[in-house]
Amino acid sequence: ADNGGSVHSSLCLSNDRILTTTTTIPKDTIVLTVPASCKLSIANTSTSTITTKLDTIMETRHPFHWPQHDVHLICCVALQLVLHHTTPKSFFSPYFNTLPSDSGHDNLLRRWTEEELTLLKISPIVERAQREREHMQHDYDMLEKLWTTTTTKLPFTFQIYDHAAAIVTSR
């Protein structure tokens, strides 16, 4: 509907994120269209400033735990999240409005609570969760250190970076 896409009038997405139809849809009917310009990608979300800054950071060859392409996309999504929170009718708002809330990604291993992990204390999954948390924090700290100069600082918080990473890795 917004930004050139279309959704068949019979499609319904519940609060539990269950997709249903209200009527029978004939075979071969197009039920959803998403224009390429609405794809959440580096090409559609990055600006020349962001690309230049990230290219400079990536040239430093600092060891990120995520692949460099993913770090770039996560940063682009993080910046779009900042824009979405400050400008409710931003270009990607129709997409962000369909996503689970930030807490909706709490099923990701790195987001399990200490209490939940304690229940699995003899499992190697606890170590993996801690490692994923450390890697996420390390990558953010590295970005913050390399991005920040005397005139600019990283334009998003760790929480927004983590939320963006959850969006990128769970889609």
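Modeller: Contact means heavy atoms within 4.5 Å. By that rule Ile50, Thr51, Leu54 and Met58 of α2 meet Gln68, Val71, His72, Cys75, Cys76 and Leu79 of α3. Keep in mind that this is a predicted model.

Colleague: What makes up the contact of α2 with α3, in terms of nonpolar, polar and charged residues?

Modeller: The residues divide into seven nonpolar, three polar and no charged. Asp, Glu, Lys and Arg count as charged, and the α2 and α3 residues that meet are Ile50, Thr51, Leu54, Met58, Gln68, Val71, His72, Cys75, Cys76 and Leu79.

Colleague: How do you describe the way α2 and α3 cross?

Modeller: Two packed helices are described by the angle between their axes and the distance between the axes. For α2 and α3 the axes come within 11 Å and cross at roughly 145°. The crossing is right-handed.

Colleague: And what are the values for α3 and α7?

Modeller: The axes of α3, residues 68–86, and α7, residues 158–170, come within 8 Å, and the crossing angle is roughly 115°. Here too α3 passes α7 in a right-handed crossing. On the α3 side the contact is made by Val71, Leu73, Ile74, Cys75, Val77, Ala78, Leu81 and Val82, and on the α7 side by Ile160, Tyr161, His163, Ala164, Ala165, Ile167 and Val168. These residues divide into 14 nonpolar, one polar and no charged.

Colleague: Which residues does Ile160 touch?

Modeller: Ile160 is in helix α7. Not counting residues up to four places away in sequence, Ile160 touches Ala78, Leu81 and Val82.

Colleague: Why is Met136 called buried?

Modeller: Buried means under 20% relative accessible area. Met136 has a relative accessible area of 1%, so Met136 is buried. This residue lies in helix α6. Leaving aside neighbours within four places in sequence, Met136 is in contact with Trp66, Arg110, Phe158, Tyr161, Asp162 and Ala165.

Colleague: Why is Glu144 called partly exposed?

Modeller: The middle class runs between the 20% and 50% cut-offs. Glu144, with 34% relative accessibility, therefore counts as partly exposed. Glu144 is found in helix α6, and its C-alpha atom is separated by 9.2 Å from that of Thr157, 13 residues apart along the chain.

Colleague: Why is Thr86 called exposed?

Modeller: Exposed means over 50%. The relative accessible area of Thr86 is 57%, so Thr86 is exposed. Thr86 lies in helix α3.

Colleague: What makes Asp28 worth a remark for its phi?

Modeller: Most residues other than glycine have a negative phi. Phi of Asp28 is near 70°, which is a positive value in a residue other than glycine. Asp28 lies in the loop between β3 (19–21) and β4 (32–33).

Colleague: What makes a set of residues a nonpolar core, and how many residues has the largest one?

Modeller: The members must be buried, of the listed nonpolar kinds, and joined through side-chain atoms within 4.5 Å. The largest such core has 32 residues, and those with the most contacts inside it are Val71, Val77, Phe96, Leu143, Phe156 and Tyr161. The elements giving two or more residues to this core are α2 (48–59), α3, α6 (124–147) and α7. Its largest share, nine residues, comes from α3. Leu143, leaving aside neighbours within four places in sequence, is in contact with Leu54, Ile57, Phe64, Val71, Cys75, Thr148, Leu154 and Tyr161.

Colleague: How many helices and strands does the protein have, and how much of it is buried?

Modeller: There are seven helices and four strands, in the order β-β-β-β-α-α-α-α-α-α-α along the sequence. Of the 171 residues, 33% count as buried. The protein exposes about 10,800 Å², of which carbon and sulfur atoms supply 57%.

Note on methods
Residues numbered from 1 in each chain as written. Predicted model: local features only at pLDDT ≥ 70, side-chain atom pairs only at ≥ 80, totals over all residues. Heavy atoms only, no water. Axes fitted to C-alpha atoms, helices over the stretch in contact; angles between N-to-C directions. Left-handed = near helix turned anticlockwise from the far one by under 90°. Buried < 20%, exposed > 50% of the residue type's maximum accessible area, 1.4 Å probe, protein only. Areas by Shrake-Rupley, 256 points an atom, 1.4 Å probe, with all protein chains shown as cover.
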